[in-house]
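Okay, thanks everyone for coming. Let me put the structure up, and then I'll talk you through a few parts of it.

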Amino acid sequence: MDNILEETELNMETAIESMEKRLLNIRAGRANASMVNNILVSYYGVDTPLIQLATISIPEARQICIKPFDRSCLSSIEKAIFESNIGLTPNNNGEVIILNIPPLTEDSRREFVKQAKVIAEETKIHLRNIRQDANNDIKKLEIPEDDIKLGQENVQELINKYNKIVDEKFKVKEQELLTV
């Protein structure tokens, strides 16, 4: 039964990490290199992650600077940013691409909070599915009824702990998004 509990906790931690990565992609009006991490650039016919083709820096609070290692791929990077639908327009000066992050309006802030809430809810659903799988695995064990109950209580304690973590991370992101 200890193996089931360890595996359940590991799966729950993975769900939280996944949520954190998804929340990073919701912009809060400040530049963040992770905003462009998932962009794939067609480089000599191969889709290559932008981070492997350029140095990404944050020279100002609301600006991302992308300096490619090979200047010949500037237009490919620019095209990939346009097609990625991240809501930013690249400015190419021949050496670097600059992305200016516009200040968020009240409506866009609320929309981003809604997105964060959806991500938090999806994470909680994932956690409940993990709990269900663990409870089913515990029921399959050939152990006394009292031990099954104890195992299910331990799983419930885990989900309570991780649901609290989800709520805390959502509140932090919500505060970040609503702070002007």
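Predicted model: local features only at pLDDT ≥ 70, side-chain atom pairs only at ≥ 80, totals over all residues.

Residues are numbered from 1 along each chain as its sequence is written, and side-chain values use heavy atoms, with hydrogens and water left out.

So, the sheet. Four strands make an open, antiparallel sheet, in the order E3-E4-E6-E5. E3 and E5 are the edge strands with a single partner each, so one side of each has no neighbour in the sheet. From one strand to the next, the twist averages 25°. On terms: helices (H or I, at least four residues) and strands (E, at least two) are DSSP runs numbered from the N terminus, and two strands pair if DSSP finds at least two bridges between them.

Now the pairings. E3, residues 54-60, and E4, residues 63-68, are joined by five bridges, and the hairpin linking them goes through two residues.

On to H2, residues 74-83. Leu74, Ile77, Glu78, Ala80 and Ile81 are buried there, meaning under 20% relative accessible area, with exposed over 50% and partly exposed in between (1.4 Å probe, protein chains only). Looking down the H2 axis, those buried residues fall within an arc of 160°, so they line one face; the arc is taken from the directions from the helix axis to the C-beta atoms. What do they pack against? E1 (40-43), E3, E4, E5 (90-92) and E6 (97-100). Over on the other side of H2, Lys79 and Glu83 are exposed. After H2 comes Asn85, with a positive phi near 60°.

Then Ile86, in the loop between H2 and E5. Ile86 is partly exposed, at 23% relative accessible area. Its C-alpha is 9.3 Å from that of Asn25, 61 residues apart along the chain.

Last one: Asn135, in helix H3, residues 106-140. Is Asn135 buried or exposed? Buried, at 14%. Leaving aside neighbours within four places in sequence, Asn135 is in contact with Gln152 and Val155, where contact means heavy atoms within 4.5 Å.

Terms used:
Axes fitted to C-alpha atoms, helices over the stretch in contact; angles between N-to-C directions.
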